[in-house]
Each structure stands twice: as C-alpha cells, then as structure tokens.
Amino acid sequence: MDLLALLLPARCGACRRRGSGLCLDCAATLVPERFVLAGPTPLEVVALGRYEGPLRRAVLAIKRGRRDVAQALGRRLAEVVGHVDGAIAAAPTAAHRRAARGFDQAALLARALGGASIRLRLEGASQRGAGRAERLARCVRFVGGDVAGRRVLVVDDVCSTGGTLLACARALREAGAISVEAAVLARAERWSG
Ligand SMILES: [Zn+2]
C-alpha cells in the first residue's frame, strides 16, 4: 500500500479527484449529528454524518488502507468534537482487521483527537467470520490508563448497532469512569452496518 501510494497520484478518498484525504467538496457534504444509543445506560454519540454518499466511500477507503483519509476525517472529527474534557479511548479493533488494513483506524482517529490514554481490548472468540450473535457477545475489557473519576470519550469509525460502543462504555464505567461519550465518523442504520 505504501509503495502504491508513492507510485500513484493521491486522490480524494470519496470521489477519487486528485488530492489526498478528503477534498473540500466531499468535506462540505458532511452533516455532523448527535444521537443517543439506547442501553442500560444511554450513550451520547457524535458523528460526522450518516454512513452514505461521500462519507461512506471515504470510510470504505479507510477500510482498504487509506491512512491519509483516516487522518483527514480524524481532523474533521476533532473540530466537531472540540475540546475533550477528559480521557480518550480508541474502540478496540479485531486483530485480523487491523492486520488487513495495515493500521488501527480507531487508534489513528483517537490520535487526531489528542491521543488515547485509556486502553481497551477485544476479548473472546476469533472475530473472523463471526455471525451477528457472536459479534454482539464479544467482550471489551479495560486494559489500563487513568480512568477512575474521569470522563472518557470513546472513538471509533462506524457506529451501526452500537454494540461495541456500549460494551466499551460499560467496561469504562466498571473501571471507574464517571461518564462516557463517543465520537465516530459515521452513523450507519442497523440494516446497513
Ligand atoms: Zn472528494
């Protein structure tokens, strides 16, 4: 991927026009929104927009390994979120997804927001080919970081069912966080996630 990036002219991650990251036209289509995930403890989430159109294409480009697109969207997310009053945690990514992409997109996004100081880990059966029930049953564990008595912002790329974010929030509260919120690139409807 890095070699290809040297050989090919950089293009917008969404519309393929010349340029890197996300072009101004595609960035202008983003409509940030806030929503609340229902759960035992509701979780407030901020997103750059719906998982459709240019944003969806940009997120898919990130999944194919476009680190520059992740950085561009991460900077935009940081602008929308503003000052983070608390700690940051990247939502954990399954190891095989991280390996396929060449980088951890949630960690990279968290870096754009100031850097993840709280570490979480995905535990349980291999996520390879996991069905919906298995994905929902996967477990997020608090690994380390100064979380007691702090507010924490969890960062991820796409929120579809919200299962991962809610699991992150639960693990962080159990570790002592006083409140948890989330920031994601895109909000997907359940059926499109
Ligand atoms: Zn574009």
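Residues are numbered from 1 along each chain as its sequence is written. In this predicted model, local features need pLDDT of at least 70 and side-chain atom pairs count only at pLDDT 80 or more, whereas totals for chains, interfaces and linings use all residues; side-chain values use heavy atoms, with hydrogens and water left out.

**Zinc site**

The zinc ion is coordinated by the SG atoms of Cys 12, Cys 15, Cys 23 and Cys 26, at 2.3 to 2.4 Å; donors are N, O and S atoms within 2.8 Å of the metal (3.2 Å for Na, K and Ca). Along the chain these donors follow the spacing C-x2-C-x7-C-x2-C. Cys 12 and Cys 23 both lie in the loop between α1 (2-7) and α2 (24-27), so the pair ties together parts that are eleven residues apart in sequence. Helices (H or I, at least four residues) and strands (E, at least two) are DSSP runs, numbered from the N terminus. Both Cys 12 and Cys 23 are buried, that is, under 20% relative accessible area with a 1.4 Å probe, protein chains only.

**Helix α6**

In α6 (residues 105-112), the buried residues are Gln 105, Ala 106, Leu 108, Leu 109 and Ala 110. At the start of α6, a side-chain oxygen of Asp 104 comes within 3.1 Å of the backbone nitrogen of Ala 106. Just after α6, Gly 114 has a positive phi of about 125°.

**Chain totals**

| Property | Value |
|---|---|
| Secondary structure | eight helices and seven strands |
| Buried residues | 44% of the 193 residues |

Key. Buried means under 20% relative accessible area, exposed over 50%, partly exposed in between (1.4 Å probe, protein chains only). A polar contact is a pair of N or O atoms within 3.5 Å; within protein, one must be able to donate a hydrogen and the other to accept it, and residues adjacent in sequence count only if both atoms are side-chain atoms.
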